[in-house]
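Dear colleague,

I am handing over the structure we spoke of, and my notes on it follow directly below. Please read them with the model open beside you.

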Amino acid sequence: MTTDIRALGIDVGSTTVKIVGVDAQGNLAWSHIEPAEPRIEDQVTQFLERARAENNLDGNIPLVATGYGRGLVTQATRKVTEITCHARGIFRELGHGGTLVDIGGQDSKVIAITSKGDVIDFAMNDKCAAGTGRFLEHSAQRMRVPLEQIGPVALATTAEVVISSTCTVFAESEVISLLAHGASPESILRGLHRSLIKRIVAMIRTVGLVSPLMLSGGVAQNEAIRKMLEEETQTPVMLPKHPQLMGAYGAALMGLKQDLSGL
Ligand code: ADP
C-alpha cells in the first residue's frame, strides 16, 4: 500500500544522502538513504525517480533541499539550511525545546531551540573531523570494528585509554601505537568516544545547555554517544526514532507548509 506523500525533503550530506516523504499530517511516511556518491546531481536525480516510482508522485510535489550539497539540487522548490531543518524535524518529533546536538559524518552542530521550536543560537564545527563521525569511523576501521559495533564495543568495558591527539590523523597513529603496546580495542574505542564527547561538550558550552539534550545525525545511532553524553553533562538525552533522517524530515515539513500556504 502506498501512502499519500504531499512533500519531499532531501538532505545532501557530506557522507550520506537522505530523502523523506511526509503525508498531509506531516508524518514521516517514506524514506531512503545511501552513501553520498561523487556525482551528487546524478544521485539526486535517481533519488527523485525512486521517490516518484515508489509513491506514484506527480512532478509538482514540493521538494525542499538541505545539507552541505543542497546547492546542487536544481530540482528543489526551496533550499534551507541544515540548522533550520534539523531543528524543525526534531521539534516536530520530540515536541521539545532544549539543546540539539547533530553529529554527522564530517561536521557537528549544537542548536538552541526555544519551547516554540524556534532556533535562537547555534555553533557549528565543519573544519575539524575530530568532533564528527569520521573520527570514530577511521580508528574503528583500523581495529576492524564494524560501524554498527563501535558503540557496543566501547560500552563493553569500563577501562578507558586517554587519547591525547586532538586531530583525526594523529589519533589514528596513536591508536596503532596503543594497540602495539597491548591496549585493548575496547578501551581504545571508549577513549576515542570520550575525546569526541569532550569536544561536543565544549561546543555545547559556547551555546549554553538547556535541558533536555536532543541528538540527531547518523552518529546519534551510536548508543555509547548517548550514554557518555548523559554521563558527561549529567543531563538527560532524548533521541528521535530516526535521528539520521531529521534534516530531511524537517525539510519535507517545510515543503508541506509551502504547499499548504499555497506559495
Ligand atoms: P552527513 O549528514 O554529514 O552526511 P550523517 O548524519 O548521515 O552525515 O551521519 C553519517 C555518520 O554517521 C557516518 O560517518 C557514521 O560514522 C555515523 N553512523 C551511522 N550509523 C552509525 C552507527 N550505527 N553507529 C555509529 N556511527 C554511525
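Pro 212 is found in the loop between helix H6 (185-207) and S9, where helices (H or I, at least four residues) and strands (E, at least two) are DSSP runs numbered from the N terminus. The peptide bond that joins Ser 211 to Pro 212 is cis, with an omega of about 0°. Most residues other than glycine have a negative phi, and most peptide bonds are trans.

Before going further, please keep in mind that this is a predicted model, in which local features need pLDDT of at least 70 and side-chain atom pairs count only at pLDDT 80 or more, while totals for chains, interfaces and linings use all residues. Residues are numbered from 1 along each chain as its sequence is written, and side-chain values use heavy atoms, with hydrogens and water left out.

Two residues have a backbone angle worth checking on screen. Asn 56, which is not a glycine, has a positive phi of about 50°, and it is found in the loop between helix H1 (40-55) and S4. Its relative accessible area is 62%, so Asn 56 is exposed, on a scale where buried means under 20% relative accessible area, exposed over 50% and partly exposed in between (1.4 Å probe, protein chains only). Arg 144, also not a glycine, has a positive phi of about 60°; its place is in the loop between helix H3 (133-142) and helix H4 (150-155), and at 72% relative accessibility Arg 144 counts as exposed.

Next come the sheets. Strand S4 (residues 63-66) pairs with S5 in the parallel sense over 2 bridges, and Ala 65 has Lys 79 in S5 as its bridge partner.

Another open sheet of 5 strands, again with mixed pairing, has the order S8-S7-S6-S9-S10. Its edge strands are S8 and strand S10 (237-238), each of which pairs on one side only. Strand S6 (residues 98-103) has 6 of its 6 residues buried, so it is largely enclosed by the rest of the structure. On one side, S6 pairs with strand S9 (residues 213-216) in the parallel sense over 4 bridges, with Met 214 in S9 as the bridge partner of Leu 100. S6 also pairs with strand S7 (residues 108-113), in the antiparallel sense over 6 bridges, and these two strands form a hairpin with 4 residues between them. Across this pairing, Val 101 has Val 110 as its bridge partner in S7, and Asp 102 stands opposite Lys 109.

In a regular strand the side chains alternate between the two faces of the sheet. In S7, Ser 108, Val 110 and Ala 112 point one way and Lys 109, Ile 111 and Ile 113 the other way, and all are buried. With 6 of the 6 residues of S7 buried, this strand too is largely enclosed by the rest of the structure. S7 and S8 run antiparallel and are joined by 6 bridges; their hairpin has 5 residues between the strands, and Gly 117 there takes a positive phi near 95°. Ile 113 stands opposite Val 119 in S8, and Ile 111 stands opposite Phe 122.

Phe 122 lies in strand S8 (residues 119-125) and counts as partly exposed, at 44% relative accessibility. Together with Val 119 and Met 124, Phe 122 forms a nonpolar patch on the surface, with about 250 Å² of accessible area in total. Patches are made of residues with over 30% relative accessible area and no salt bridge, with like charges joined within 9 Å and nonpolar side chains (Val, Leu, Ile, Met, Phe, Trp, Tyr) within 5 Å. A salt bridge is a side-chain nitrogen of Lys or Arg within 4 Å of a carboxyl oxygen of Asp or Glu, and accessible areas come from the Shrake-Rupley method with a 1.4 Å probe, where for residues only the protein chains shown count as cover.

Last, the ligand. It is surrounded by 17 residues, the closest being Thr 15, Thr 16, Lys 18, Glu 137 and Gln 244, where a residue is near a molecule or strand if one of its heavy atoms lies within 4 Å of it. An oxygen atom of the ligand lies 3.2 Å from a backbone N or O atom of Ser 14, and a nitrogen atom of the ligand is 3.0 Å from an N or O atom in the side chain of Gln 221. The protein covers 89% of the 580 Å² of accessible area that the ligand has on its own.

With kind regards

Note on methods
A polar contact is a pair of N or O atoms within 3.5 Å; within protein, one must be able to donate a hydrogen and the other to accept it, and residues adjacent in sequence count only if both atoms are side-chain atoms. Two strands pair if DSSP finds at least two bridges between them.
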